[in-house]
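Take a first look at the fold before reading on. We will go through it step by step.

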Amino acid sequence: MEKRIQFRQRESKRTELENQFWPRAFAFTIDLMVLQLIIPVVFSLLALVAPTDLSDELARDYSSVTTTTTLVVVVPLLVLYDAVLESSRLRGTVGKWFLRFAVCDTDIDQLSFPKALIRNTLKILSVISVVGVFMIDMTSRRQALHDLIVVRR
């Protein structure tokens, strides 16, 4: 039996417009604010264990790190942040919780951590392709490309 991951609202009385692109973008903005609190801590911890040249760069100011360092540290941190919270009882990140959204499969079951990790890794492809994100407004269930993954039991 096939199951697909879907993005559902916690309350069914909300209008259809609220489950489209912009509220989800707002939830992502809230999550970025939360990550702004976490990232300095992560970079500080990395500065303690990293090789000397990277440690010096991280110690100066985490906002001045190179693009490569950002891709290697921040993107996986964002993927893990989303995966851990979406597979928890919260069923979503802080931003999704604030907007009363829940991430679940088509049977309205909680996602497992591996499924959430795959979903959030593929979310990067959705964002890069741009079409993957705008599919939210094109599909009947308001699913982005990363939500349309087929997950087998």
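What follows looks at one helix and then at a set of charged side chains.

This is a predicted model. Start with helix α1, which covers residues 21–49. Its 29 residues reach 40 Å from the first C-alpha to the last, close to the 42 Å expected. The helix is not quite straight: α1 bends by about 30 degrees at Leu37. A proline, Pro40, follows within four residues.

Now turn to the charges. The model has four salt bridges. In one of them, Asp82 pairs with Lys123, and the closest N and O atoms are 3.2 Å apart. Asp82 lies in helix α3 and Lys123 in helix α5, so the pair ties together parts that are 41 residues apart in sequence. Both Asp82 and Lys123 are buried.

Glu86 meets Lys96 in a salt bridge of 2.4 Å, N to O. Glu86 is in helix α3 and Lys96 in helix α4, so this pair ties together parts ten residues apart in sequence. Both Glu86 and Lys96 are buried.

Lys123 also forms a salt bridge with Glu86, with the closest N and O atoms 3.9 Å apart. This pair links helix α5 to helix α3, 37 residues apart. Glu86 counts as buried because its relative accessibility is 0%.

Asp82, Glu86, Lys96, Arg119 and Lys123 are linked in a network of salt bridges.

Key: Residues are numbered from 1 along each chain as its sequence is written. This is a predicted model: local features need pLDDT of at least 70, side-chain atom pairs count only at pLDDT 80 or more; totals for chains, interfaces and linings use all residues. Side-chain values use heavy atoms; hydrogens and water are left out. Helices (H or I, at least four residues) and strands (E, at least two) are DSSP runs, numbered from the N terminus. The expected span of a helix is 1.5 Å times one less than its number of residues. The bend at a residue is the angle between axes fitted to the seven residues ending there and the seven starting there. A salt bridge is a side-chain nitrogen of Lys or Arg within 4 Å of a carboxyl oxygen of Asp or Glu. Buried means under 20% relative accessible area, exposed over 50%, partly exposed in between (1.4 Å probe, protein chains only).
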